[in-house]
Amino acid sequence: MEVKTVKKILVTGISGLVGSAVYLHLNRSPERYELYGLDRSRDLSERVFDDRSIDLPDSRYLTCDITDMEDVRRAVEGMDVVVHMAADPSGQSWESLRDNNLIGTYNIFEASREAGVSRIVAASTIQVSTGDCEHEPYKSIVEGREEDVPAEVPFVSADTPGQPRNIYAASKVWSESLARVYGHSHGVSSLCIRIGWVTGEDSPRSGRADLWCSQRDIAELVRCCIEADPAFRFGIYYGMSDNDRRWVDLENAQRDLGYRPQDGAERAP
């Protein structure tokens, strides 16, 4: 009979929209996951529109800045998996991007290696692929010119060279490269998710339906990464719902992780 062990999971950026969605999803399975949180504040992000709460005791919640290596070391000690969602997504300041997305991410990976963490699930962004939308047939898809979209469109995949168009996205290309180093050279299985457009209202009505990802789908993809075969040392996966106008590939997430999105922009409430 299979014995299921409880995994200790640290979610960084747990007060953010995606981090809190991941927490709520995993928290439904207390027999599988013992959850811990890290963020600069217990106050939920302004991008969270509902009344959710992070119901963790102080003993399982560390309020700190990920640029502080000693605090990060304390946070990852004893963890099986680190879900790294903490970052500066605004891109307003190079100093903040440097500190949070480069130094902070390095601290998470290096401290996890030191602590013997077996896997890191790291947030990247769909903006890594933004430049592909400047070219056909993706430009026609994004602009909604259905008559100009050919019958067969090759999906943009994790093997397609990145096309970032801002420093925030470039910082995530760096984090993907860092994950590759730790996955292949340092023994920490490192899986990256290029997160699509996740919204507080959990609806694509006010923006791009091609990029939308429901909170349920992104949280489930993270769970799939946590449970993936330990033999996977590195991988990049698109965090996207099954949108009709989707132009990125989900095949490797289905094959490697068993990810099956439940939602789609055209079927969202």
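Visitor: So a crossing is left-handed if the near helix is turned anticlockwise from the far one by less than a right angle, and right-handed if clockwise. Which hand does the crossing of H1 and H6 have?

Guide: H1 passes H6 in a right-handed crossing. Before we go on, this is a predicted model: local features need pLDDT of at least 70, side-chain atom pairs count only at pLDDT 80 or more, and totals for chains, interfaces and linings use all residues. Residues are numbered from 1 along each chain as its sequence is written, and side-chain values use heavy atoms, with hydrogens and water left out.

Visitor: Good to know. Where do I find H1 and H6?

Guide: H1 covers residues 17–26 and H6 covers residues 215–227. Both labels come from DSSP runs numbered from the N terminus (helices are H or I, at least four residues; strands are E, at least two).

Visitor: And at what angle do H1 and H6 pack?

Guide: The angle is about 65 degrees, and the axes of H1 and H6 are 9 Å apart. Axes are lines fitted to C-alpha atoms, for helices over the stretch in contact, and angles run from 0 to 180 degrees between N-to-C directions.

Visitor: Are H1 and H6 roughly parallel or roughly perpendicular to each other?

Guide: The angle makes H1 and H6 roughly perpendicular to each other.

Visitor: Which residues of H1 and H6 make the contact?

Guide: From H1 you have Leu17, Val18, Ala21, Val22, His25 and Leu26. H6 brings Gln215, Ile218, Ala219, Glu220, Val222, Arg223 and Ile226. Contact here means heavy atoms within 4.5 Å.

Visitor: OK, next pair. How do H2 and H3 pack?

Guide: H2 (residues 69–76) and H3 (residues 94–115) meet at an angle of about 50 degrees, with their axes 9 Å apart. That makes H2 oblique to H3. The crossing of H2 and H3 is right-handed.

Visitor: Who touches whom between H2 and H3?

Guide: On the H2 side it's Met69, Val72, Arg73 and Val76. On the H3 side look for Asn107, Ile108, Glu110, Ala111, Ser112, Glu114 and Ala115.

Visitor: What about H3 and H5, what's the angle there?

Guide: H3 and H5 pack at an angle of about 15 degrees, and their axes are 10 Å apart. That makes H3 roughly parallel to H5. Their crossing is right-handed.

Visitor: Switching to the backbone. Is the peptide bond from Glu136 to Pro137 cis or trans?

Guide: The bond from Glu136 to Pro137 is cis, and its omega is near 5 degrees.

Visitor: Where does Pro137 sit?

Guide: Pro137 is in the loop between E5 and H4, the helix at 138–143.

Visitor: One more: what is the phi of Asp202?

Guide: Phi of Asp202 is near 55 degrees, a positive value in a residue other than glycine.

Visitor: And where is Asp202?

Guide: Asp202 lies in the loop between strand E6 (189–195) and H6. That brings us back to H6, the partner that H1 passes in a right-handed crossing.

Conventions
Parallel < 35°, antiparallel > 145°, perpendicular 65-115°, else oblique.
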